[in-house]
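Colleague: I am new to this structure and would be grateful for a guided reading. Please take it feature by feature, with the general idea before the particular case.

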Amino acid sequence: MGYNTLPYLVLFLPLSLIVYQVSGRKFRKYVLLIASWIYFFLCSRELILYLLLTSAGVWLAGLAMKSAGSRKRLKTFLVVVSIGGLFGILLYLKYINF
């Protein structure tokens with residue numbers, strides 16, 4: 001389901017916007033995250049595990065950076081490791097003939 005298909009424009013997008021508007025401010029970020037996961041699942045079922053794992057990895061890296069406080073060197077290291085890990089996953093998916 002691409003962005004220019006009728007099911008996306010008529011069903012998925014309006015439903016996502018309605019759920020977003022109805023949900024409270026506290027939950028809107030989760031609504032968007034879940035809607036993006038659902039959209040990705042509808043586009044590519046076999047790659048959803050990679051999306052969930054990378055989402056969890058980015059979230060954990062963010063928590064680690066938050067707990068690093070003012071240690072700039074540690075934060076830089078965490079950013080480099082996180083980006084390297086994501087780039088490694090991207091290269092893996094690119095070259096295993098998906």
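Modeller: Let us begin with a term. A helix here is a DSSP run of type H or I with at least four residues, and helices are numbered from the N terminus. Please also keep in mind that this is a predicted model.

Colleague: Which residue takes a positive phi just after helix 3?

Modeller: That residue is Gly 69, with a phi of about 65°.

Colleague: How many residues does helix 2 have, and how far does it reach?

Modeller: Helix 2 covers residues 28-43, which makes 16 residues. From its first C-alpha to its last it reaches 23 Å, close to the 22 Å expected at 1.5 Å a residue. For helix 3, the expectation for 20 residues is 28 Å, and the end C-alpha atoms lie 29 Å apart, which agrees. Helix 4 has 24 residues and reaches 34 Å, close to the expected 34 Å.

Colleague: Which residues of helix 2 are buried?

Modeller: The general idea comes first. An α-helix has 3.6 residues a turn, so residues three or four places apart point the same way. In this structure, the buried residues of helix 2 are Arg 28, Val 31, Ala 35 and Tyr 39. Seen down the axis of helix 2, they fall within an arc of 70°, so they line one face of the helix. Helix 1 (6-22) is included in what covers them.

Colleague: Which residues of helix 3 are buried, and which are exposed on its other side?

Modeller: Buried in helix 3 are Ile 48, Thr 54 and Ala 61. Viewed down the axis of helix 3, these buried residues fall within an arc of 150°, so they line one face of the helix. They pack against helix 2 and helix 4 (72-95). On the other side of helix 3, the exposed residues are Leu 49, Leu 53, Trp 59, Lys 66 and Ser 67.

Colleague: Where does Ser 23 lie, and why is it called buried?

Modeller: Ser 23 belongs to the loop between helix 1 and helix 2. The cut-off for buried is under 20% relative accessible area. Ser 23 has a relative accessible area of 15%, and therefore counts as buried. Setting aside its neighbours within four places in sequence, Ser 23 is in contact with Arg 28 and Val 31.

Colleague: Why is Met 65 called partly exposed?

Modeller: Partly exposed is the class between buried, under 20%, and exposed, over 50%. Met 65, found in helix 3, has a relative accessible area of 24% and is therefore partly exposed. Not counting residues up to four places away in sequence, Met 65 touches Lys 75, Leu 78 and Val 79. Ala 64, also in helix 3, is partly exposed as well, with 26%. By contrast, Ile 83 in helix 4 is exposed, with a relative accessible area of 53%.

Colleague: What is the volume of the largest pocket, and which residues line it?

Modeller: Rolling a probe the size of a water molecule over the atoms shows where empty space is left. Here, the largest pocket has a volume of about 250 Å³. Its lining consists of Lys 29, Tyr 30, Leu 33, Trp 37, Leu 52, Ser 55, Ala 56 and Trp 59. Helix 2 and helix 3 (48-67) each supply at least two of the lining residues. By type, the lining divides into six nonpolar residues, one polar and one charged.

Methods: Residues numbered from 1 in each chain as written. Predicted model: local features only at pLDDT ≥ 70, side-chain atom pairs only at ≥ 80, totals over all residues. Heavy atoms only, no water. Expected span 1.5 Å × (residues − 1). Buried < 20%, exposed > 50% of the residue type's maximum accessible area, 1.4 Å probe, protein only. Arc of directions from axis to C-beta. Contact = heavy atoms within 4.5 Å. 1 Å grid on protein atoms, 1.4 Å probe; cavity = no way out; pocket = protein on both sides within 12 Å on 5 of 7 lines; lining within 4 Å. Points joined across faces, edges and corners; volume = space filled by probe spheres on them. Nonpolar A, V, L, I, M, F, W, Y, C, P; charged D, E, K, R; others polar.
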